[in-house]
Amino acid sequence: MYNDYKEVYMKNNFCPQVALIMRSDKLIEEFNLQRTTIATRYGPVHRCYYGYVYGVPVLMIYGRFNGEKAPSSKINHQQTIEAIKNSGAKKVIGTFVVGGIKRQFDQGTTYIIDDFIGMGNYDIDWDFNYPFHNAEMIQPFCPKLVDLLERASVKADFPVVQRATYVCFNGYPRIETRAELKFYEMIGADCVGQTLDPEATLCRLNGLCYAAVAVQIDSPSSRREYAGELEHRAEANPYKMSIEECRSHSEFIIREFLKIYRHEDCGVCAKLKRTNNNFREFPKNFYD
Ligand SMILES: [Zn+2]
């Protein structure tokens, strides 16, 4: 319902089974993934790489920024998800760096996300040529993909939190205040970020299976220490572990996931994409 394009978007009729939204130079180099450009209604997406990783045909979308970095509320998630849809992939894994909320979890902790809390503050363009409906999100992530990611994470030698809840706010642009972190902990969130939604919602509206892996790059205590150090020094490093090192955790899980991945149709997610063709402004017989 989102687009009716019938053109062939992928070279050589390559049909990816899994789309990965991640920045992994290592996977691109090691598996010799080829770059391609995918057309969308929002303009071309050049940061697309495709090929076989552990035998699985994948499309990697290199991050969420097309050309320039932007505040999260300005990211064109619709363009990314449309590129994935046009590639023919039906399953999507988003990878994220997130902020820590809970005292017991430190940098490098990795989360297999099972639910999220949206704090809103974003909007998507709706094509009014298509009937509108709200996405059904009682089960926001594909249970089969989540299950596979959990199995993939068993071999990790770093802490992994299963069935985690991600709280998502968009932009302002800033990261969280102390009071917000307390609030997020109180409402049951495990980690916080700015990009999981509307990505998750758009996947549902497009009938795609979606799951997410997130790695924590800071913690409330590391951020306090960072601010404290700046009292005595001209500059300080806010991260104990480099972001690159943190990202290697999600890459590890994606690699293990692809090693055990077997293609099977998911009976649920595509059906949760509902359509609403019955909207009427008011009954026909009320017209003059
Ligand atoms: Zn599914």
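1. Ten of the ten residues of helix 5 (residues 196–205) are buried, so the helix is largely enclosed by the rest of the structure. Buried here means that 20 or more other C-beta atoms lie within 10 Å of the residue's own; exposed means 12 or fewer, partly exposed is in between, and C-beta atoms are placed from the backbone. Helices (H or I, at least four residues) and strands (E, at least two) are DSSP runs, numbered from the N terminus. The buried set of helix 5 includes D197, E199 and R204, as well as L196, L202 and L205.

2. On provenance: this is a predicted model, in which local features need pLDDT of at least 70 and side-chain atom pairs count only at pLDDT 80 or more, while totals for chains, interfaces and linings use all residues. Residues are numbered from 1 along each chain as its sequence is written.

3. Two backbone details belong with helix 5. A cis peptide bond joins D197 and P198, with omega about 20°, and P198 is placed in helix 5 itself. After the helix comes G207, whose phi is positive, near 70°.

4. Overall dimensions. The protein chain has 288 residues and a radius of gyration of 20 Å; a compact globule with that number of residues would have a value near 19 Å, which agrees. The radius is taken over C-alpha atoms, and the globule rule is 2.2 Å times the number of residues to the power 0.38. Along the principal axes, the C-alpha atoms fill a box of roughly 75 × 50 × 35 Å. Of the 288 residues, 40% count as buried.

5. The protein chain contains eight helices and nine strands. Two residues are in contact if their C-beta atoms, placed from the backbone, lie within 7 Å. Among contacts between residues at least 6 apart in sequence, 83% join residues at least 24 apart.

6. The largest nonpolar core has 70 residues, of which V92, L149, Y166 and A214 touch the most other members. Strand 9 (residues 209–218) supplies the largest share of this core, eight residues. Such a core is a set of buried Ala, Val, Leu, Ile, Met, Phe, Trp, Tyr and Cys residues joined through C-beta atoms within 7 Å. Neighbours within four places in sequence aside, A214 is in contact with F96, V98, Y111, I113, Y166, C191 and G193.

7. What does helix 3 pack against? Its buried residues are L145, V146, L148, L149 and A152. Seen down the axis of helix 3, these fall within an arc of 165°, so they line one face of the helix; the arc is that of the directions from the helix axis to the C-beta atoms. An α-helix has 3.6 residues a turn, so residues three or four places apart point the same way. The buried residues of helix 3 pack against strand 5 (91–100), strand 6 (110–118), strand 9 and helix 7 (243–260).

8. Strand pairing near the start of the numbering. Two strands pair if DSSP finds at least two bridges between them. Strand 1 (residues 18–21) and strand 4 (residues 56–61) are parallel, with four bridges, and V18 stands opposite V58 in strand 4. Strand 3 (residues 45–53) pairs with strand 4 in the antiparallel sense over six bridges; Y49 has M60 of strand 4 as its bridge partner. Strand 2 (residues 34–38) and strand 3 also run antiparallel, joined by four bridges, with T36 bridged to C48 in strand 3.

9. Turns. The hairpin of strand 2 and strand 3 has six residues between the strands, and G43 in the turn has a positive phi of about 105°. The hairpin of strand 3 and strand 4 has two residues between the strands, and there Y54 takes a positive phi near 50°. Y54 is not a glycine; it is partly exposed, with 15 other C-beta atoms within 10 Å.

10. N32 has a positive phi of about 50° although it is not a glycine. N32 is placed in the loop between helix 1 (25–30) and strand 2 and is exposed, with 9 other C-beta atoms within 10 Å.

11. Where does H263 lie? H263 is in the loop between helix 7 and helix 8 (269–272). H263 is exposed, with 10 other C-beta atoms within 10 Å. H263 and V18 are 245 residues apart in sequence and 9.1 Å apart in space, C-alpha to C-alpha.
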